Each structure stands twice: as C-alpha cells, then as structure tokens.
Amino acid sequence: MTAETQTNAAADPAAKSMDDIMALCKRRGFIYPASEIYGGINGFWDYGPLGAQLKKNLKDAWWRDTVLCPPDGPDGKPVSIVGLDTSIIQNPKVWQASGHVAGFNDPMVDDKETKQRFRADHLFGLFFLERDENESFKSSDDRLTALIQTGALLPKATVVAGSAEEAFEVVRANIKKIFRDAQILHSDVHIGASRADFQYIDKNGRYHIGDIKQIDEGVLRTAAINIPSPATQRTGTLTEPRAFNLMFPTVVGATGDPELDKAYLRPETAQGIFINYKNVLDTTRVRVPFGVAQMGKAFRNEVTPRNYTFRSREFEQMEIEFFCHPSTTREWYAFWRDQRLAWWRSLGLTGANLHLREHDRDELAHYAKTGAGTSDIEYRFPFTAPGFGELEGVADRSDFDLRQHAEHSGAKLEYFDQERNERYMPHVVEPSAGADRGVLALICEAYTPDPSRPSKVYMKFHPRVAPVKAAVFPLVNKDGMPEVGERLYKDLRARFGAVEFDPKQSIGKRYARMDEAGCPYCFTIDAETLSDQTVTVRHRDTQQQERVALAAVPAWLGERIL
C-alpha cells in the first residue's frame, strides 16, 4: 500500500469495514458485548481496558476544556462554567414537568411473527415501478415519486435505518438477501452510487426502476398488513404504529408498588442541571452568563438499537447548559456551535468526515421552535457513509425548561441582574455530546489499514486521547536492559499514567501490539543505551526511529502528548 493509498483509506470511512473495526475492538479490549457469556443483551456494551481508558481520556479532555480551562467568550473574557454531578433517579415530577412522561414517545410497530419491534420512523421501503418502454427515465421517476407520496405504491421490501443515506447503504450491502427474502425474482440487479440509480430486470425481462424512501406513518396506519416486515420481508405480520415511551421505569421504596413508587432512570442529564440551577446560583459566585457542565449516564429504551455503540440503550452524555440573557442567545448559540466543532477537530476528527448541519425549522424540538436554532455536529461513520451520524447537538432551548420547572414546582427561578436592574428568566444554549458516540468516532477515524505492517492495521489516535501514551521495551530480557527499562517505565507512568512495559517476545510483535492499541511512541532500551544513555524512539504513524537521550525522554514525551 502506497502512502497515498494508505492516507485515502484512513480518511474514507466507506473504505473501512465496520466488521473489521468491531473485530479489532473485541480482540484488543476496546469494547465487549455486555453479558457476553450469557448470550449478551441487545443495546448494551462494556468497555475493555483500552476502551475504558480511551473513554476516560475523552471525558477528561472535555472536562478540562469545558470546566477547568474554558475558552474565552465572544466578549474576549473567560467563559464561566462550573461542574455538576446529579442523580440518575430523580423525583418523577421532574419528568412530568420536562414533558418526558407525556411526550417522550416514539411510534413503534411490532412483527407479530418474530416478536421484533421497530421504530416506525426508522422504516424505509424499497419502492419499484415497472417502466414503460416508451417512457423516459425522468417521467418514470416522476411517476414513481408521485405514487409513493400519495400512498398508492407500497414497498416491495423494507429495511431499518436512521436516514435515507444509511438505508441506501444497508440495501447496497444486502441487496441479494433482501431480494431473495422478498421473493423479488430477477435476472439482473443494479444499484449505483446514489438512490436515483436503482433498477432491476425481472425474470420476464421487464425493466423496473426503484427508490428508497421513508415509509409514511399514515401509510403504516392504513396499510401495515400489506407492508413487508424488515425481519422477514413477508407481509401480514406488522402491526399499526403505537406510542412507546423510551424511559426505563423502576420502583423506589420498600413497598415496591409499581405505580405508587414508580420512578425512572433519567433519559438525559440536562434536567438534573435545570432543577439545580438555583442551587448553583445560591452557592457559588457565578452570574449570568454562565454554564453548568455535567457528564453522566442516561438511559433510553431504544426500540431498535443498532450500529454497534452508536444507538444503544445505556449511554453517557457530556452536556453544558449555558444560561444567558435572552438578548444574547444568538451570539452564544453561534459561539458554542463553532467552539464545539473546533474542539472535535482538535482531537483528530478532521477533514470531510466531520461537518456541521443546521436543522431545518420542521426538525426543531419543541423547546427550540422559537430559538436561534439547532445544529448537529456530525461524523461520517462507516455504517452511515456517504451520509453522517450525529455526534453532538447544539441547541437554543430558550427558557422552556426553567419555566416548566418553575410552573410545576412553584420555585422562583427568575434571575435578578443587578447591573441591568432587571428580573428575567435566562435562556439556555445547550451543547450536548455523546461520549460513546465520541469514542466510536475516534475509533473509526483512527482505524488505519496498512498491509505492510505485521499488524496489518494501526490505530492513529491523537496523542491526547490515545489509551496508551507510550511503551517501554528492553530489546532483550537480559544484560541489564530490563532494569533500565523498568526505571524509565516507572518514571513515565508517574508522570503520564497510561504507559506500558513489555520485556518479552520479538520487538516486531511488541510494536504490532502497540500499533493496534494506538500507542503513539515506543521507547526501546538496547545495547547502545547502556553505553551512551540514549534510547530508540519509534513513531507509530511513520514507523520512523530516532535516538533520544534517556534523561530527556519525559520532557520529550510531555511536549508531544499533553
């Protein structure tokens, strides 16, 4: 593989196999299936030694750059942000006030035969139309679109996906199986680089054009029995859509009454910040504008968890609720939108794989309808390519949450600004990132195939988040080299934490292990070290080596990883 080819493979997620990435994550201890020895549990994942450290490094970087050393604001002054850590289980009234009890629902459909459940808004259909040989391709396509929109044409097969782009990739990867299960007899199938280029010829030589579209919920309600199930591609088994609340209920208290003592695992960390907003004001010196940051677990009973850790039922959030005067909301919204995009880029998610997408008005959540807007920072994962998946959202929540909690609790949550001599309810700008999705994006970005290496792949993590910062290798496990190496290892470990010491096997195998772990620098103690007090440094990305003074190694490493 040439350097140019290697660079292209590293930059293009579509050129990376998600199966290969998942296999490396399991083999090297980044991510394991939860409860694996009992057959696993859908939508839950465990982080192994390397994954746990990678995730901790990501969260530590976020906390440092958000709470401990926040950026300067649009006025050139340091932004004021404090941290919080709130309970996973809150008074159930919190979720009534926030609207989660009544409105945190997704429409779902059930497959009565397989007992599988799917989100109605994640069902995409493969629609086909026999093309008249005297009709132009554009006319056929216009007729196909019109029939789909009016509900006059039903899908021949269905798939589960989060977007049309993802659905297209699912179809392209599984087209033969989908056609076989749907009993679509054909002599030729062609699916090109876009949804518009989708066609097949049936066994009688008739030419069909197709498209992949989200199935309208109204069509599902009126014609569910005639729509194929994505589980089997057979009709007659899907139910009509019905509301499904995504919160996990639990029982709190000694009586164990499922209704009287009902509580919920939090579906988001944000509400814990809103209900403590007044406590923060009363116990600290912060004044509007200021932010409250929190990292923590959240739980959503996703109907169709999929795409590895991207959509799971237990996940971790990194959120800021930034309180500001209503007149400055747009300024702060633009500030946080740009800052958060720049932060992800600083960790190595660069180039065309990362972009910012502004929501259309019809996409906005109820709390953002009248605000400055909502933007998603999106990453092109291998399973979404050429499309993108959400990594972080930046939203203007206006004063919706504070007003809801003030109304339901009776607490006075208005802010009195002495300088303005004004009492008002602050507006809130919320940058909300997924820690698990962040880890997955870092893994996908770092995964770099390289057939020239013994490992055939290396993980090109940014040194700041790399789970192993450095490794120390005695060239041979004798002649005093292990003793020198162990002293260096202890010194580096005390300063940088995640450092490994490995005195066994060939140096090539040790380099290969560190390549797969994403360790940026390996220090080898050899015979020359004993004579001139220098060590060999091997660079992960280039495999180049250089000599560095043994005593200078800590400072040399610190300049490159901190």
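This is a predicted model: local features need pLDDT of at least 70, side-chain atom pairs count only at pLDDT 80 or more; totals for chains, interfaces and linings use all residues.

Biologist: Thanks. How far apart are Y308 and M22 in sequence and in space?
Modeller: They are 286 residues apart in sequence, and their C-alpha atoms are 8.0 Å apart in space.

Biologist: And where is Y308 found? Is Y308 buried or exposed?
Modeller: Y308 is in the loop between β14 and β15 (314–324). Helices (H or I, at least four residues) and strands (E, at least two) are DSSP runs, numbered from the N terminus. Y308 is buried, at 8% relative accessible area. Buried means under 20%, exposed over 50%, and partly exposed in between, using a 1.4 Å probe and protein chains only.

Biologist: What about M247, where is its place?
Modeller: M247 is in the loop between β11 (242–245) and β12 (248–251). M247 is buried too, with a relative accessible area of 4%. Leaving aside neighbours within four places in sequence, its contacts are W95, H100, V101, F104, Y264 and P267.

Biologist: Let's zoom out. How many helices and strands are in the chain?
Modeller: There are 17 helices and 28 strands. The C-alpha trace spans about 85 × 75 × 50 Å along its principal axes, and buried residues make up 54% of the 562 residues.

Biologist: Switching to aromatics: what is the count of pairs?
Modeller: The count is 21 aromatic pairs. One of them is W332 with F335, whose ring centres are 5.4 Å apart with planes at 85°, so the pair is edge-to-face. The rule is that rings of Phe, Tyr and Trp (its six-membered ring) pair if their centres lie within 6.5 Å; planes under 30 degrees apart count as stacked, over 60 as edge-to-face and the rest as tilted.

Biologist: Where do W332 and F335 sit in the helix?
Modeller: They are three residues apart in helix α11 (residues 329–346), so about one helical turn separates them. W332 and F335 are both buried.

Biologist: Which residues do ring pairs link into a cluster?
Modeller: F274, Y277, F290 and F323 are linked that way.

Biologist: What sits over the ring of F310?
Modeller: The charged end of R437 does, 3.7 Å from the ring centre. R117 lies over the face of F244, at 5.2 Å from the ring centre. For this, NZ of Lys or CZ of Arg must be within 6 Å of the ring centre and within 35 degrees of the ring normal.

Biologist: How many disulfides does the count come to?
Modeller: Zero, taking a disulfide as a pair of cysteine sulfur atoms within 2.5 Å. For C519, the nearest cysteine sulfur is that of C522, 4.3 Å away. C519 is buried, at 1% relative accessibility.

Biologist: Last topic, the backbone. Which residues does a cis peptide bond join?
Modeller: One joins V288 and P289, with omega about 5°. P289 is in the loop between α10 (277–283) and β14 (290–299). Another runs from A385 to P386, with omega near 10°, and P386 is in the loop between β17 (374–379) and β18 (389–398).

Biologist: And what is phi of Q533?
Modeller: Near 60°, a positive value in a residue other than glycine. Q533 lies in the loop between α16 (527–532) and β27 (534–539), and is partly exposed at 44% relative accessibility.

Technical notes
Residues are numbered from 1 along each chain as its sequence is written. Side-chain values use heavy atoms; hydrogens and water are left out. Contact means heavy atoms within 4.5 Å.
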